[in-house]
Amino acid sequence: AEQVTALHSEKDFDQALPLYRYLLCDFWDNIDVHLNFASALAENRRLKDAVIAYRAAGKVFPDNRELMMRYHNAKNRLEETENPERAQRVGNVDDPTEDRGEKWTDEYEWWRTMQPWFPPNERKIRQLFADVSVPELIQSYEKQHRQALKDLQDKKGDSEALRFVVVGPGSGFGNRQMVIVSAFLYALLSKRVLLVDWVSHKTQAFGSVHELYDNPSGLDLSYSNARRLWPAWPGWGQLGMIVFDNTHYYTAEWGADELACRNFEKQHSHDKVVSVLTDQYVASFIMVNPHYQKIIKRLGDGGNLYGRLFSNLLRPVKPIRQIVNSFVQENFEGRYVIGLQVRYGVGQFFLLEDMQEFWRCAKAMARQLPLKKQKKVRYFIASDSPQIIHEAQRALGKRLVYYETVRGGDLAGKEGWYGAAVDNFLLSECDDLIVSS
């Protein structure tokens, strides 16, 4: 704060503005930071950005009179600059956030300055895990995971390894995978042990994550198994929370700024357990956290952060792997496979008449291939609806293959979950994909 005040007074706005962005991560509820930030934008000849910055502050402080006056002053200056011949003075109004027909939009530099997870000047912040390689990070995690479970079993209450992230993934099969992978990334960077509290929220089809997945290194990821090792451990009650609801992603109390801005070790230093509640891929917030840019870059080398995290944490259990391998050998080998993932949801995602677009796209994709490959094309479809499977057979004919299972995921019980898992991993074996979302 002292540094940015000095830079502002020296009118060094190129250096001051990144620091203001950083301060907004921790002091979003401080009116002075908002006012000074918008003022710096205005003095740096970025009036469009300043006006929208004042508007954003108005959502936090709708009754602040000084903010109202500064907002209207900046708006009038902008109007005079852009439309000098018809500049109109507008008096104070009750709500400074209301759009009253201004010509400017959010297409300017404003979004770079107001989203609180944009990194500050990297010279001003220490990079955590800066010199740690990915294998070292994974090995260190696995060592702590094993030690933590052993210490629970031995009831060693003073163990430093007993620090956990407990994730209760919600929604359907795909969302759960994304949530677990996100929590694993948080566990790696916060030096905690990941435990998965897997309970089907509709049918109670599974009680443990290990009914669908195992860990390549043999780690037990089950929260319920860990609790059974020492049910009376006091740390289970020392609980911190990270809650992310995608309808509230701008508000600090819903966890976005914590994931995107904070030092994870310091944030919950007194909590033995951090519970992550979400049904979204919140790793996208962690990816832009300024504290972890170097290790995130190494983890995501090759552009597939999700895939690398997933392969180090989860793999389908042996029966699912055997089904997938057998299906691939019988139906995919020697073929060019175009995969279709069609999520119907009883009409909530697509209508039946929309399906024609999927079939047209699949056929067009096949026609673009060299002639030799065209003759080897096979279509594979994964869907939550038997009706869609039937429509695909009519449209794509004998070249279509699919895995025979109960459709409906969570609503279809254990067999439905297994079928969704098999479909998911078969899609990963396709050469091309057409997906719903």
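This is a predicted model: local features need pLDDT of at least 70, side-chain atom pairs count only at pLDDT 80 or more; totals for chains, interfaces and linings use all residues.
Cys361 counts as partly exposed, because its relative accessibility is 35%. Cys261, in contrast, is buried, with a relative accessible area of 2%. How many disulfides does a search of the whole structure find? The search returns 0.

Let me turn to the sheets, beginning with the one that contains strand S7. Here 4 strands form an open sheet with parallel pairing, and the order is S9-S8-S7-S10. Which strands stand at the edges? They are strand S9, residues 400-401, and strand S10, residues 432-435; each has a single partner strand, so one side of each is left without a neighbour in the sheet.

Strand S7 covers residues 336-342 and pairs with S10 in the parallel sense over 4 bridges. Within that pairing, Ile338 stands opposite Asp432 in S10, and Gln341 has Val435 of S10 as its bridge partner. With S8, strand S7 pairs over 7 bridges, also in the parallel sense. Gly339 is placed opposite Phe380 in S8.

Is S7 mostly covered or mostly open? It is mostly covered, as 6 of its 7 residues are buried. Helix H16, residues 355-367, lies across S7, strand S8 (377-383) and S10, and runs at about 165 degrees to S7.

I now move to the other sheet on my list. An open sheet of 4 strands, again with parallel pairing, has the order S2-S1-S5-S4. Its edge strands are S2 and strand S4 (239-243), each of which pairs on one side only. On average, neighbouring strands of this sheet are turned by 25 degrees against each other, direction ignored.

Strand S1, residues 164-167, pairs with S2 in the parallel sense over 4 bridges. Val165 has Leu194 as its bridge partner in S2. Which strands does helix H7 touch as it packs on the sheet? Helix H7 touches S1 and S2, and its direction makes about 65 degrees with that of S2.

Leu149 lies in H7, which spans residues 134-153. With a relative accessibility of 14%, Leu149 counts as buried. Leaving aside residues up to four places away in sequence, Leu149 touches Asp220, Ala226 and Leu229. The C-alpha atoms of Leu149 and Val193 are separated by 9.3 Å, while the two residues are 44 places apart along the chain.

Next, the backbone. Most residues other than glycine have a negative phi, and most peptide bonds are trans. Against that background, Phe129 has a positive phi of about 60 degrees although it is not a glycine. Where is Phe129 placed? Phe129 is in the loop between helix H6 (110-114) and H7. Its relative accessibility is 14%, so Phe129 counts as buried. Lys191 likewise has a positive phi of about 60 degrees without being a glycine. Lys191 belongs to the loop between helix H8 (173-190) and S2. At 42% relative accessibility, Lys191 counts as partly exposed.

My final topic is the aromatic residues. A pair of aromatic rings is described by the distance of the centres and the angle of the planes. The structure holds 19 aromatic pairs. Why is the pair of Trp198 and Trp417 edge-to-face? The ring centres are 5.6 Å apart and the planes stand at 65 degrees, and the cut-off for this class is over 60 degrees.

Trp198 lies in the loop between strand S2 (193-196) and strand S3 (213-214), whereas Trp417 is in helix H19, residues 413-427; the pair therefore ties together parts that are 219 residues apart in sequence. Both Trp198 and Trp417 are buried.

The two tryptophans also belong to a cluster. Ring pairs link Trp198, Tyr213, Tyr281, Tyr306, Phe310, Trp417 and Phe425.

Conventions:
Residues are numbered from 1 along each chain as its sequence is written. Side-chain values use heavy atoms; hydrogens and water are left out. Rings of Phe, Tyr and Trp (its six-membered ring) pair if their centres lie within 6.5 Å; planes under 30 degrees apart count as stacked, over 60 as edge-to-face and the rest as tilted. Helices (H or I, at least four residues) and strands (E, at least two) are DSSP runs, numbered from the N terminus. Buried means under 20% relative accessible area, exposed over 50%, partly exposed in between (1.4 Å probe, protein chains only). Contact means heavy atoms within 4.5 Å. Two strands pair if DSSP finds at least two bridges between them. Axes are lines fitted to C-alpha atoms, for helices over the stretch in contact, and angles run from 0 to 180 degrees between N-to-C directions. A disulfide is a pair of cysteine sulfur atoms within 2.5 Å.
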